[in-house]
Amino acid sequence: MENRIEDRVKNIMSAVFEIPVNDINNNSSINTIEVWDSLKHMNLIFSLEEEFDIEFEMDEIALLIDYKSICNLVDKKLTSLD
């Protein structure tokens, strides 16, 4: 996976959760980011879809609960578009 995807995901998470980019790492999750609630989760999903021009299925949305899972699924979706 390209670092560019990871950087873009970090920037989106930083904007949605209003936290510094440097605070986002492989351990960042719904359990470690206090402001990550259901509304911010949906804002995150919409922002990711817009940024990467992809669409998540309903079952995928429930899996996007940490930084690593988000990066992996975005990479998978982008790869399948090629």
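1. In helix α4, residues Y67, I70, C71, L73, V74 and K77 are buried (buried means under 20% relative accessible area, exposed over 50% and partly exposed in between, with a 1.4 Å probe and protein chains only). Among the elements that cover these buried residues are α1 (3-17), α2 and α3 (58-61), where contact means heavy atoms within 4.5 Å. Helices here are DSSP runs of H or I with at least four residues, numbered from the N terminus.

2. A word on the basis of all this: the model is predicted, with local features needing pLDDT of at least 70, side-chain atom pairs counting only at pLDDT 80 or more, and totals for chains, interfaces and linings using all residues. Residues are numbered from 1 along each chain as its sequence is written, and side-chain values use heavy atoms, with hydrogens and water left out.

3. On confidence, the protein has a mean pLDDT of 95, and 96% of its residues reach 70 or more (pLDDT is the predictor's confidence in each residue, from 0 to 100). Helix α4 (residues 67-81) is where confidence is lowest, at a mean of 94, while helix α2 (residues 38-52) has the highest, at 97.

4. Back to α4 itself: its 15 residues reach 21 Å from first C-alpha to last, close to the 21 Å expected (1.5 Å times one less than the number of residues). D66 caps the N-terminal end of α4, with a side-chain oxygen 3.2 Å from the backbone nitrogen of K68.

5. Please look at α2 next, where H41, L44, I45, L48, E49 and F52 are buried. Seen down the axis of α2, these buried residues fall within an arc of 130°, so they line one face of the helix (the arc is that of the directions from the helix axis to the C-beta atoms). They pack against α1, α3 and α4, whereas L39 and E50, on the other side of α2, are exposed.

6. Both ends of α2 deserve a glance. At its start, a side-chain oxygen of D37 reaches to within 3.3 Å of the backbone nitrogen of L39. Just after α2, D53 takes a positive phi of about 55°.

7. Finally, the whole structure holds one aromatic pair (ring centres within 6.5 Å, using the six-membered ring of Trp beside Phe and Tyr; planes under 30 degrees apart are stacked, over 60 edge-to-face, the rest tilted). The rings of F17 and W36 have centres 4.7 Å apart and planes at 35°, so the pair is tilted. It links distant parts of the chain, F17 in helix α1 and W36 in the loop between α1 and α2, 19 residues apart. F17 counts as buried at 2% relative accessibility, and W36 counts as buried at 5%.

Notes:
Helices (H or I, at least four residues) and strands (E, at least two) are DSSP runs, numbered from the N terminus. A polar contact is a pair of N or O atoms within 3.5 Å; within protein, one must be able to donate a hydrogen and the other to accept it, and residues adjacent in sequence count only if both atoms are side-chain atoms.
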